[in-house]
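Please keep the sequence and the model in view while reading.

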Amino acid sequence: MRDDAADSRFLAHLDFRELCREWRPRAAAYCRVFRGLSDQDREDVVGEALARAWAARDRFDPARPFAPWFLTIVRRAALDALARPGRRISPECVDDVPSPVPGAEEAAVRDSEAEFVRRFVAALDPRDRELASLVYGQDLCLADAARTTGIPVGTVKWRLHEIRIALRREWERENGER
Amino acid sequence: MENGRRIDPDILLRRHFSREIEEERNLPTSRVQHATTDVEQDGASRWNDRPPSRAPRRSAWFQEAAAAAVLAACVGAAFLAVPGESSTAAPEVLGAKAVIVGRLIETKLVWAVSEFADMRGPEPQGFGIPGRFREKERK
């Protein structure tokens, strides 16, 4: 698990360039759970979130973990982008976000385990996908994931349990068919 | 995939989402990073620094009007202080003139001060953190 307290101490001396370097990839990865966003939208959302976080930095309490605070801003920016009037969702960005790194997709296909999980995550309910991203990708604890998404902690715990069970069941089903 | 092989969903999911972050980390420099220079040039580039300015952006018209009001007050005061006129005018005329100019100065000064106060007022809370988290932030 990431040491949030250390993050906060580190961020107390952070400048904007460091903020972008450290948190842009994490924010962009988190934004993948919002399937209505194209690559361009995601970049815009991440930029907007970084700017908002920077503008609101005096409201950040260094005694608290940074990740939930920042990811809440990212989430807000993503939902704002999705709710923007007149916005059109392009079909190619609804189903899945293609890997932008040349060769990475081929590597993932070679790795059947990784490909299996990628398909599994892509098929998850959007809310479950977001919870899994926050807990497994962003290393948020259950309470912080609950706070970020506005879902009760008990529900988060139950949903993650269901996700784990579903993943194992799907794995066994695929292997049983072969 | 190997048949009958036990998997750990926690490990698989963690690996998957970590890989997504790595992919984003390996992306070429985006517009976001180019934008950092703009922000840094704007003043406070350190996390602990104060924001560049908390004053809302008002149009130049306000500043010019406020300055004009102060100037009008100064002209009024100078008019009262003309030595030749004060020596010839009757005391009651001078008194009435003083009252009129005084009220004018008072009105304009109050208006000017309020305009300046508005210009230095706190930034409106346009953006906030949604939900319960904001409540905890305030504590």
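## Chain B

Chain B contains 6 helices and 0 strands, where helices (H or I, at least four residues) and strands (E, at least two) are DSSP runs numbered from the N terminus. This is a predicted model, in which local features need pLDDT of at least 70 and side-chain atom pairs count only at pLDDT 80 or more, while totals for chains, interfaces and linings use all residues. Residues are numbered from 1 along each chain as its sequence is written, and chains are lettered from A and ligands numbered from 1 in the order in which they are written.

Of the 139 residues in chain B, 11% are buried, a term that requires 20 or more other C-beta atoms, placed from the backbone, within 10 Å of the residue's own.

## Helices α2 and α3 of chain A

In chain A, the axes of α2 (residues 16-31) and α3 (residues 39-55) come within 9 Å and cross at roughly 135°, the axes being lines fitted to C-alpha atoms over the stretch in contact and the angles running from 0 to 180 degrees between N-to-C directions.

## The nonpolar core

The largest nonpolar core has 46 residues, and A:Ala27, A:Cys31 and A:Ala49 are among those with the most contacts inside it; such a core is a set of buried Ala, Val, Leu, Ile, Met, Phe, Trp, Tyr and Cys residues joined through C-beta atoms within 7 Å. Helices that each supply at least two residues of this core include α2 and α3 of chain A and α1 (9-25) of chain B.

Apart from its neighbours within four places in sequence, A:Ala27 is in contact (C-beta atoms, placed from the backbone, within 7 Å) with A:Val46, A:Ala49 and A:Val74.

Conventions: Buried ≥ 20, exposed ≤ 12 C-beta atoms within 10 Å, placed from the backbone. Contact = placed C-beta atoms within 7 Å.
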